[in-house]
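Subject: The structure I promised you

Hi,

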Amino acid sequence: MNLSKNKKIIVIITAILALCISFSIHYNLTPFSLFYASSRILVDHILSYVHEDELIEAKHIVKSYYIGITKAHETPQSLWEKLEVEYSFFKLLEYTSKFEIINDIPFVYIKPNVPPLLNLKKEYHLDDIVKSGQNEFEKMMLLAKWLGTRWDHGTDSLPGIPKTGSFNPSEVIKAGEHGKRFWCDIAAETAILAAAAMGWPARLITLSRDGYKWEHAVAEFWSNDFEKWFLVDTDFNVIFEYNSVPLSAYELCHFGPELQKSPNFKISRFAPPKPSLKNRDLTKLLPLFKYVHVDMRNDWIVRELSRGSPAGGDFATWWTARPDLGPILTGKIKVDKENRFNWPVNITEIYPISFSRKQEYFVLTIGLRGYSPYFASWFLQIDDSSPILLKKKTYVVELNSGKHTIEAKMLLFNNNLGPPTKIAFLLSEHLKHGVH
């Protein structure tokens, strides 16, 4: 009887070991790493229930970035097309918008007016540093150049802990200017906070060749000029470009191997190399983009979270990778769709709310909807009239027969303008059916 029990125990242990080996091979992990990764996921799930209130708070913050009218069940363009079907005197000529607003993006942005960022901007005169830039992108590069020359690369201790309330970007810069040397994470986080101080959306990107070992960190800024996210490496002081358009980490991850074959691909310096990185081969950075992940917040220094909070850590991190990397055992969220991973910011949608004819003119009510953490007002232009700054989400316009255009974009708190959305249509006096 005891022998039979021993055999059962041996069979169970053997089965468990076989299962562990199978999972180790599947996820390309050692048994110890497999145990660690599995335990981490389990603990994260437990703590997510304990700290659910912090996730609720984050969701409340995120809702404030969606401005204007409530999202319709159909796209703006389809609603304008329906208007054309319903009214014979209305003809849609074009609805031009590069983007649709992506719903439920859980990213939490730091506000530019919090004391650490106000102090950073004032103490280091960031407006003066970027004032010679002719456009937003040039200003971003001037800020990056300045940040990339504040210290050499190294591993000195910090005046504070990264991504916590004790991390003060002004103190980090001051320490760097006095000879301290910091690594890539610190360069990226400082760049993100400095960009946020200027009212530019920014986020932290981490790179890896295997999806487990974090090998490099960079910042990404949202460019209203190029209408996209692009990577800013203030450790190696480079950006990556294709046809003179700066590239994002997602693009380098999924399209990089092909782009790199083209003479139009370029690694461009915006500042001299740091002394300790002077002789590095920059092409060796490219394999690091096999896996990338993005922290879904940049307000680390003003909103501290409990350890294991679902509003931070793995459950607030999105990742993507090249198909040949294989499966990754992680609690992070895989997002492979480019338009979601690289969600657009500062964008506007124009909706038709109501339309009617009043004797010699037409009355059109439009509704505006947008997504931005730094919205100030709508910037609305109808035909060739002077632009209108509009705080409310709807606008009524009276129009005569003929061709008309309506263009809307966001005016941001730093006086930059977001990407435009434009509609063009024709109004005719000749009715083919009854007026609605």
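Let's start with pLDDT, which is the predictor's confidence in each residue, on a scale from 0 to 100. For this protein the mean pLDDT is 92, and 93% of the residues reach 70 or more. You're looking at a predicted model, in which local features need pLDDT of at least 70 and side-chain atom pairs count only at pLDDT 80 or more, while totals for chains, interfaces and linings use all residues. Residues are numbered from 1 along each chain as its sequence is written, and side-chain values use heavy atoms, with hydrogens and water left out.

One stretch needs care: over residues 431-436, pLDDT stays under 50. The model has 10 contacts beyond four places in sequence for that stretch, where a contact means heavy atoms within 4.5 Å. Where pLDDT is low, the predicted coordinates should not be read in detail.

**The overall picture**

The protein has 12 helices and 18 strands. Those are DSSP runs numbered from the N terminus: helices are H or I with at least four residues, and strands are E with at least two. The C-alpha atoms fill a box of roughly 95 × 70 × 45 Å, taken along the principal axes. Of the 436 residues, 50% are buried. Buried means under 20% relative accessible area, exposed means over 50%, and partly exposed is in between (1.4 Å probe, protein chains only). Looking at contacts between residues at least 6 apart in sequence, 68% join residues at least 24 apart.

**The sheet**

Which strands make up the open sheet, and in what order? There are 5 of them, in the order S2-S18-S17-S14-S15, and the pairing is antiparallel. Two strands count as paired if DSSP finds at least two bridges between them. Strands of a sheet pair through backbone hydrogen bonds, either parallel or antiparallel. The edge strands here are S2 (90-96) and S15 (388-390), each pairing on one side only. From one strand to the next, the twist averages 20 degrees. (Axes are lines fitted to C-alpha atoms, for helices over the stretch in contact, and angles run from 0 to 180 degrees between N-to-C directions.)

Have a closer look at S14 (residues 375-382). With S17 (residues 402-412), S14 pairs in the antiparallel sense over 7 bridges; with S15, S14 has 3 bridges, again antiparallel. Leu 380, meanwhile, faces Ile 388 in S15. The hairpin of S14 and S15 has 5 residues between the strands, and Asp 383 takes a positive phi near 55 degrees there.

H2 (residues 31-50) has 20 residues and reaches 29 Å from its first C-alpha to its last, close to the 28 Å expected at 1.5 Å a residue. That expected span is 1.5 Å times one less than the number of residues. Which residues of H2 are buried? They are Leu 34, Ala 37, Ile 41, Asp 44 and Ser 48. These cover an arc of only 95 degrees around the axis, which puts them on the same side of H2. (The arc is that of the directions from the helix axis to the C-beta atoms.) The face turned away from that side carries exposed residues, including Phe 32, Phe 35 and Tyr 49.

H3 (residues 52-63) has 12 residues and spans 17 Å, close to the 16 Å expected. Glu 54, Ala 58 and Val 62 are its buried residues. They cover an arc of only 80 degrees, so they sit on the same side of H3. Strand S1 (66-68) is included in what covers them. On the face turned away you'll find exposed residues, among them Asp 53, Ile 56 and Lys 59.

**Two loop residues**

Leu 29 is in the loop between H1 (2-27) and H2. Is Leu 29 buried or exposed? Leu 29 is buried, with a relative accessible area of 12%. Leu 29 and Leu 329 are 300 residues apart in sequence and 8.9 Å apart in space, C-alpha to C-alpha.

Arg 181 lies in the loop between H8 (169-177) and H9 (184-197). Arg 181 is partly exposed, with a relative accessible area of 36%. Leaving aside neighbours within four places in sequence, its contacts include Asp 152, His 153 and Ser 276.
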